[in-house]
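Here is a short report on one protein model and its ligand.

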Amino acid sequence: MDTDELPVPERVSVSEIGGRTTRVEVYAELGSTNTRLRELAVEGAPESTVVVARAQTAGRGRLGRTWNSPPGAGLYASVLERPGIEAGRAHVLTLSAAIAVAEAVSGFGVSGVEIKWPNDVLAKGRKIAGILTESSMLDGKIDSAVVGIGVNVRQAAVPDDLTDRATSLEAEGVTVEPLRVLTKVLERLAVWRPRAESAGDEAILSRWLDLAPMAIGAEVHVDDGKSPYDAVTEGITDDGRLRVRRSDGRTEVLTAADVTLSR
Ligand code: BTN
């Protein structure tokens, strides 16, 4: 979307949004908050700039999918990170965002919250939130990373044909406004995100593993876009990739794939 065509952002203050937010833009409707924030990043927007939309017309998910974004039904937000860390550690940003979203969702009282590799957040096995991180590199380091967060707040965010695989805060018994969900996510992100720079990756990896029981010893079906296969998960590598063992004993290390629990 061309910047000239953008609707005027609504007035929401940085302090209302909370966390480490330095600048915030809230729109009634955007194509994609990730796309808008990427434009701001190119213009030099500071770390922790946040873009939120009440609806997206071209919301994007992982693996080239679309992200259903009807008005007021979900949290559609993007957060700008400028961590200055090595390109090879980009995954710690996504892992810390997944931890923050999982903790935020649990914090509203949703039970059975867990992370499914790489960064889906599930409630009792159904997807309630997803994260799409898009990074730009400069001289081997992350110049900026746009962390896009989508949370199904009302059940209207869940397409009818996905109700067996996706859920919402509303369906889990929680009535809350999308902006309130954002505040909670940013509060948790303010705890986890600085650890991506300071404490090293161990704290993040270990908390992520706590929240992702499926990452070790689970029987899964792997769709890598080529030839799907069954496997057992064997944890994640230091760079955030999922290790699985195929039924014939071969080990694979996955960078991007769809992994679902075998039933
Ligand atoms: C996934 O496939 O699970 C990731 C979904 C990420 C959706 C969010 S909504 C806000 C931000 N803007 C987008 O276009 N996508 C992300």
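## Terms and model

Helices (H or I, at least four residues) and strands (E, at least two) are DSSP runs, numbered from the N terminus. This is a predicted model: local features need pLDDT of at least 70, side-chain atom pairs count only at pLDDT 80 or more, and totals for chains, interfaces and linings use all residues. Residues are numbered from 1 along each chain as its sequence is written, and side-chain values use heavy atoms, with hydrogens and water left out.

## The ligand shell

The ligand is surrounded by 20 residues (one heavy atom or more within 4 Å). Ser32, Gln56, Arg60, Arg62 and Lys127 are the closest. By class, the shell holds 10 polar, six nonpolar and four charged residues. Here Ala, Val, Leu, Ile, Met, Phe, Trp, Tyr, Cys and Pro count as nonpolar, Asp, Glu, Lys and Arg as charged, and the others, Gly among them, as polar.

Which elements each supply at least two residues of the shell? They are helix H2 (33–42), strand S3 (74–81), strand S6 (126–138) and strand S7 (141–152). S6 gives the largest share, four residues.

## Contacts and cover

A polar contact is a pair of N or O atoms within 3.5 Å; within protein, one must be able to donate a hydrogen and the other to accept it, and residues adjacent in sequence count only if both atoms are side-chain atoms. Ser32 places a polar side-chain atom 2.7 Å from an oxygen atom of the ligand. Arg60 uses its backbone: a polar atom there is 2.7 Å from a ligand nitrogen. For Lys127, an N or O atom of the side chain lies 2.6 Å from a ligand oxygen. On its own, the ligand has 410 Å² of accessible area, and the protein covers 98% of that (Shrake-Rupley method, 1.4 Å probe).

The space taken by the ligand is the largest pocket. On a 1 Å grid over the protein atoms alone, a pocket is an open set of points with protein on both sides within 12 Å along at least five of seven lines. A molecule sits in a pocket if more than half of its atoms lie within 2 Å of its grid points.

## Glu47

Glu47 sits in the loop between H2 and strand S2 (49–53). Is Glu47 buried or exposed? Glu47 is buried, because its relative accessible area is 18% (buried means under 20%, exposed over 50%, partly exposed in between; 1.4 Å probe, protein chains only). The side chain of Glu47 makes a polar contact of 3.3 Å with the side chain of Arg20. The Glu47 side chain also reaches the backbone nitrogen of Arg82, at 2.4 Å.

## Backbone exceptions

Most residues other than glycine have a negative phi, and most peptide bonds are trans. The bond from Trp117 to Pro118 is cis, with omega near 0 degrees. Pro118 belongs to the loop between strand S4 (113–116) and strand S5 (120–123).

Leu63 is not a glycine, yet has a positive phi of about 55 degrees. Leu63 lies in the loop between S2 and S3 and is partly exposed, at 46% relative accessibility. Lys124, also not a glycine, has a positive phi of about 45 degrees. The loop between S5 and S6 holds Lys124, which is exposed at 51%.

Ala77 is part of strand S3. At 1% relative accessibility, Ala77 is buried. Ala77 and Leu179 are 102 residues apart in sequence, but their C-alpha atoms are 9.3 Å apart in space.

Notes: 1 Å grid on protein atoms, 1.4 Å probe; cavity = no way out; pocket = protein on both sides within 12 Å on 5 of 7 lines; lining within 4 Å.
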